[in-house]
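User: I have a structure open and I'd like to walk through it. Can you help me read it?

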Amino acid sequence: AYIDSDSSVFLAGRDFRFDQMAETGVPLNWLVQRIEKCAAKDKLLLLDCSHLGNQKDLRSQPSTATMVRKIKTPRKTTSIIASCDDGQRGIDWKEKQLSVFAWYVADGFAGAADANRDLRITAQEAFDYVKKSMAGARIEGGAKQTPVLFLPL
């Protein structure tokens with residue numbers, strides 16, 4: 001995902017063009033608006049779209065927490081877990097062939113995050129599990145990243 005000169009966030013799919021963000025990207029605001037319109041009373045958006053690299057376009061790719069802070073749509077029913085805090089990037093876990101965040105999200109939703117064992121994983125339970133697990137992860141090079149929870153406003 002990238003931020004354009006107007007501070008709008010665009011998710012970048014395969015046909016994304018950096019020089020035509022508005023035309024080829026999916027606006028994060030638009031996505032949150034659509035999620036908010038869903039009938040479910042509780043929704044969870046997981047953002048894992050800010051990764052390490054060395055290309056010049058990374059200057060326009062902030063942390064996922066920064067992206068969430070740029071959302072203008074009011075969130076009354078949607079919680080968001082951003083994969084990394086300000087100034088951080090997502091870390092790929094080569095031996096697992098996933099990002100560190102994705103690995104622990106999958107593990108959490110496989111049951112490990114259900115702290116009270118009621119067969120329902122809340123946004124808070126998912127976040128608590130992912131944050132604790134990521135803090136204790138032994139990643140090559142000792143890299144760390146910290147997820148951030150944004151509850152509905």
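User: Which residues form a nonpolar patch on the surface?
Analyst: Leu44, Leu46 and Phe109 form it. Together they have about 230 Å² of accessible area. Keep in mind that this is a predicted model.

User: Where is Phe109 found?
Analyst: Phe109 is found in helix 4.

User: And why does Phe109 count as partly exposed?
Analyst: Because its relative accessibility is 42%.

User: New topic. How many cavities of 30 Å³ or more does a search of the whole structure find?
Analyst: The search finds 1. About 30 Å³ of space lies in the largest cavity.

User: How do you find empty space in the first place?
Analyst: You roll a probe the size of a water molecule over the atoms, and that shows where empty space is left.

User: OK. Which residues line the largest cavity?
Analyst: Leu46, Ile81, Tyr104, Val105, Gly108, Phe109, Ala113, Ala126, Tyr129 and Val130.

User: How do the lining residues of the largest cavity divide into nonpolar, polar and charged?
Analyst: There are 9 nonpolar and 1 polar, with no charged residues.

User: What about pockets? How much space lies in the largest pocket?
Analyst: About 190 Å³.

User: Which residues line the largest pocket?
Analyst: The lining holds Asp42, Lys43, Leu44, Thr77, Ser79, Arg120, Ile121, Thr122, Ala123, Gln124, Leu151 and Pro152.

User: Let's switch to backbone angles. What is phi of Gln97 near?
Analyst: Phi of Gln97 is near 60 degrees. That is a positive value in a residue other than glycine.

User: Where is Gln97 found?
Analyst: In the loop between strand 6 (92-93) and strand 7 (98-99).

User: Is Gln97 buried or exposed?
Analyst: Gln97 is exposed, because its relative accessible area is 72%. The cut-off for exposed is over 50%.

User: What is phi of Arg117 near?
Analyst: Near 55 degrees, again a positive value in a residue other than glycine. Arg117 is found in the loop between helix 4 (100-112) and helix 5 (123-136).

User: Why does Arg117 count as exposed?
Analyst: Because its relative accessibility is 58%.

User: One more topic: the loop between strand 4 and helix 3. Is Leu58 buried or exposed?
Analyst: Leu58 lies in that loop. Leu58 is buried, because its relative accessible area is 15%. Buried means under 20%.

User: How many residues apart in sequence are Leu58 and Tyr2?
Analyst: They are 56 residues apart in sequence. In space they are 8.2 Å apart, C-alpha to C-alpha.

User: And where is Asp48 found?
Analyst: Asp48 is found in the loop between strand 4 and helix 3. Asp48 counts as partly exposed, at 24% relative accessibility.

User: How far apart in space are Asp48 and Pro147?
Analyst: They are 9.6 Å apart, C-alpha to C-alpha. In sequence, Asp48 and Pro147 are 99 residues apart.

Methods: Residues are numbered from 1 along each chain as its sequence is written. This is a predicted model: local features need pLDDT of at least 70, side-chain atom pairs count only at pLDDT 80 or more; totals for chains, interfaces and linings use all residues. Side-chain values use heavy atoms; hydrogens and water are left out. Helices (H or I, at least four residues) and strands (E, at least two) are DSSP runs, numbered from the N terminus. Buried means under 20% relative accessible area, exposed over 50%, partly exposed in between (1.4 Å probe, protein chains only). On a 1 Å grid over the protein atoms alone, a cavity is a set of points where a 1.4 Å probe fits but cannot get out, and a pocket is an open set with protein on both sides within 12 Å along at least five of seven lines; lining residues have an atom within 4 Å of a point. Grid points are joined across faces, edges and corners, and a volume is the space filled by probe spheres set on the points. Ala, Val, Leu, Ile, Met, Phe, Trp, Tyr, Cys and Pro count as nonpolar, Asp, Glu, Lys and Arg as charged, and the others, Gly among them, as polar. Patches are made of residues with over 30% relative accessible area and no salt bridge: like charges are joined within 9 Å, nonpolar side chains (Val, Leu, Ile, Met, Phe, Trp, Tyr) within 5 Å. Accessible areas come from the Shrake-Rupley method with a 1.4 Å probe; for residues, only the protein chains shown count as cover. A salt bridge is a side-chain nitrogen of Lys or Arg within 4 Å of a carboxyl oxygen of Asp or Glu.
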